[in-house]
Amino acid sequence: MTGNPTGVAMPADTSNVSPSRTALAVRHLDFEDLGLLEPLLTGRGYLTHYLDVATQPVDIALIRSAELVVVLGGPVGANDAGRYPFLADELLALRARLADGSPTLGICLGAQLLARALGAQVTPCAAREIGYAPVELTLEGTASPLRHLAGVPVLHWHNDMFGIPENAQVLAGTPACPHQAFALGTQVLGLQFHLETPAQDIERWLVGHAETLAAADIHPAELRRAAFEAAPELHTRAVATVTEWLTAAGC
């Protein structure tokens, strides 16, 4: 048999591609980084840069001009600009970028900030979600790049949920959080869950968020085990999902 029997879209061999475009990762916490996505972007000809908005000035022009922006997660709330003023500057920058229709991916807090920048609200979920579990795809989700994630456990680590911006589609949900993913055309994708974190990085999360785990009465061993059990399928399908979205977005 030739070809790919799994049906999962795999990235092309781009080992000879030299970086010619900029992918900007807006980061809120050092260990919540691009993870699996960084080598994927490098392979597609992107030079990746991090903007650590908690410690660096939020450069509206930089966020607006990058060929691709990925807004990453973090432990602060999307409504917490009164406590963390950099969030207000970040929202201004994202509104300017989204008004241009430029390709933008948001993950967890990043998706919530995209939703707020697009005029939607961010509110508490019915219950906190921490751990690995699949999302249920909507009809629109099954026709989107998220189809690769059907039945695959992904990492959840959040208390809040974004509303759905005007003209956007809901792609996935869970009982506690019915808004797990949204798309606005082909250029904007928001994911409440994490698909970017490789299993080998989970220890940084377990240490960095130790107080949260203790408060939720979750033993680190439970998440550590789930991360490595999910990894073989999740890593492949996460790359396939983001690869398809990038291609559709012209990236």
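Quick housekeeping before we start. It's a predicted model, so local features need pLDDT of at least 70 and side-chain atom pairs count only at pLDDT 80 or more, while totals for chains, interfaces and linings use all residues. Residues are numbered from 1 along each chain as its sequence is written, and side-chain values use heavy atoms, with hydrogens and water left out.

Okay, the overall picture. The chain has eight helices and ten strands; helices here are DSSP runs of H or I with at least four residues, strands are runs of E with at least two, and both are numbered from the N terminus. The C-alpha trace spans about 60 × 45 × 35 Å along its principal axes. For 251 residues, a compact globule would have a radius of gyration near 18 Å, and the chain's 17 Å agrees with that. That radius is taken over C-alpha atoms, and the globule rule is 2.2 Å times the number of residues to the power 0.38. As for burial, 53% of the 251 residues count as buried, where buried means under 20% relative accessible area, exposed means over 50%, and partly exposed is in between, with a 1.4 Å probe and protein chains only.

Now the sheet. In what order do the strands of the open sheet run? There are eight of them, going β2-β1-β3-β4-β10-β9-β8-β6, and the pairing is mixed. At the edges sit β2 (46–52) and β6 (136–137), each of which pairs on one side only. I'm calling two strands paired if DSSP finds at least two bridges between them.

Next, a bit of backbone. Cys108 has a phi near 55° and sits in the loop between β4 and α4 (109–117). Is Cys108 buried or exposed? Its relative accessible area is 4%, so Cys108 is buried. Then there's Asn167, with phi at about 75°, in the loop between β7 (154–162) and β8 (169–173). Asn167 has 68% relative accessibility and therefore counts as exposed.

Everything is on a 1 Å grid over the protein atoms alone: a cavity is a set of points where a 1.4 Å probe fits but cannot get out, a pocket is an open set with protein on both sides within 12 Å along at least five of seven lines, and lining residues have an atom within 4 Å of a point. Volumes are the space filled by probe spheres set on those points, which are joined across faces, edges and corners.

The largest pocket has about 310 Å³. It has 21 lining residues, and Gly74, Pro75, Val76, His158 and Asn159 lie nearest its centre. β7 gives the largest share of that lining, four residues. By class, the lining has nine nonpolar, eight polar and four charged residues; Ala, Val, Leu, Ile, Met, Phe, Trp, Tyr, Cys and Pro count as nonpolar, Asp, Glu, Lys and Arg as charged, and the others, Gly among them, as polar.

The second largest pocket holds about 170 Å³. Of its 13 lining residues, Ser144, Pro145, Ala183, Gly185 and Thr186 lie nearest the centre. Helix α8 (220–248) is one of the elements giving two or more residues, and α8 gives the most, three.
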